[in-house]
Amino acid sequence: MGKITASREKLIPDPRYGSLLASKFINCLMVDGKKSVAQSLFYKAMDIVSKKITEAEAIEVFNRAIENVKPSVEVRSKRVGGAAYQVPMQVNRNRQQSLGIRWMLQAVREKKGRPTHEKLAEEVVAAYKREGAAVTKRDNVHRMADANKAFAHFAW
């Protein structure tokens with residue numbers, strides 16, 4: 001198997017904010033390798049965010065939004081003696097970030113009928129206020145983990 005180069009090591013901060021997180025997000029937003037399109041989408045969204053929320057910088061709002069979406073625990077399936085249990089487990093930092101970004105984009109892509117930058121701006125503002133689809137997703141994952149706390153001793 002070939003060596004997998006970690007994209008994290010090759011990641012260059014984004015041009016406007018100099019933020020690695022923004023850069024990572026733009027890469028995940030990108031479709032068919034069209035980075036300039038993804039970038040302009042992200043920056044348009046950030047412009048809308050800065051109009052909606054004036055008390056903080058747009059990039060700060062974005063960072064808080066991702067923080068609010070990150071899960072701290074998740075459930076994973078583990079088979080024990082022919083039965084599959086949902087075992088709650090801690091999520092490591094990198095996976096937290098990946099899941100946060102993934103859920104954010106999923107929430108944006110599920111909304112239909114408006115330009116992506118508007119949907120993205122709306123989702124970022126919602127997540128910043130601890131509401132919206134991505135935060136709901138996180139809360140559901142936490143709830144699942146809570147409900148299955150009884151199986152925590154199966155954690156490996």
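Some ground rules come before the tour. Residue numbers start from 1 along each chain as its sequence is written, and side-chain values use heavy atoms, with hydrogens and water left out. Because this is a predicted model, local features need pLDDT of at least 70 and side-chain atom pairs count only at pLDDT 80 or more, while totals for chains, interfaces and linings use all residues.

## The chain as a whole

The chain holds seven helices and two strands, and along the sequence they follow the pattern α-α-α-α-β-β-α-α-α. Helices here are DSSP runs of H or I with at least four residues, strands are runs of E with at least two, and both are numbered from the N terminus. Taken along the principal axes, the C-alpha atoms fill a box of roughly 55 × 40 × 30 Å.

Of the 156 residues, 37% count as buried. Buried means under 20% relative accessible area, exposed means over 50%, and partly exposed lies in between, using a 1.4 Å probe and protein chains only. Among contacts in the chain with a separation of 6 or more, 61% join residues 24 or more positions apart; a contact means heavy atoms within 4.5 Å.

## How the helices pack

Two packed helices are described by the angle between their axes and the distance between the axes. The axes are lines fitted to C-alpha atoms, for helices over the stretch in contact, and angles run from 0 to 180 degrees between N-to-C directions.

Helix α2 (residues 20-29) packs against helix α3 (residues 35-52) at an angle of about 120°, with the axes 9 Å apart. That makes α2 oblique to α3. On this scale, angles under 35 degrees are roughly parallel, over 145 roughly antiparallel, 65 to 115 roughly perpendicular, and the rest oblique. From α2, the contact uses Ala22, Phe25, Ile26, Asn27 and Leu29, and from α3 it uses Lys35, Ala38, Gln39, Leu41, Phe42 and Tyr43. By class, these residues are eight nonpolar, two polar and one charged. For these classes, Ala, Val, Leu, Ile, Met, Phe, Trp, Tyr, Cys and Pro are nonpolar, Asp, Glu, Lys and Arg are charged, and the others, Gly among them, are polar.

Helix α3 also meets α4: their axes come within 9 Å and cross at roughly 100°. The two helices are therefore roughly perpendicular to each other. Here Phe42, Met46, Val49 and Ser50 in α3 meet Ala58, Val61 and Phe62 in α4. That contact has six nonpolar, one polar and no charged residues.

## Aromatic rings

Ring pairs link Tyr17, Phe25, Phe42, Tyr43 and Phe62 into a cluster. Rings of Phe, Tyr and Trp (its six-membered ring) pair if their centres lie within 6.5 Å; planes under 30 degrees apart are stacked, over 60 edge-to-face, and the rest tilted. By this rule the count comes to six aromatic pairs, and the table shows two of them.

| Pair | Centre to centre | Angle between planes | Geometry |
|---|---|---|---|
| Phe25 and Phe62 | 5.0 Å | 75° | edge-to-face |
| Phe42 and Tyr43 | 5.7 Å | 65° | edge-to-face |

Phe25 lies in α2 and Phe62 in helix α4 (residues 58-69), so this pair ties together parts that are 37 residues apart in sequence. Both Phe25 and Phe62 are buried, and Phe42 and Tyr43 are buried too.

## Single residues to look up

Gln96 sits in helix α5 (residues 93-110) and counts as buried at 15% relative accessibility. Leaving aside neighbours within four places in sequence, Gln96 contacts Lys70, Pro71, Ser72 and Val91.

Lys52, in helix α3, is partly exposed, with a relative accessible area of 47%. Beyond its neighbours within four places in sequence, Lys52 is in contact with Glu122 and Val125. The C-alpha atoms of Lys52 and Glu122 are 9.2 Å apart, although the two residues are separated by 70 residues along the chain.

Finally, a look at the backbone. Most residues other than glycine have a negative phi. Asp32, in the loop between α2 and α3, has a positive phi of about 55°. Asp32 is exposed, with a relative accessible area of 72%. Arg130, in the loop between α6 (116-128) and α7 (133-147), has a positive phi near 60°, and counts as exposed at 52% relative accessibility.
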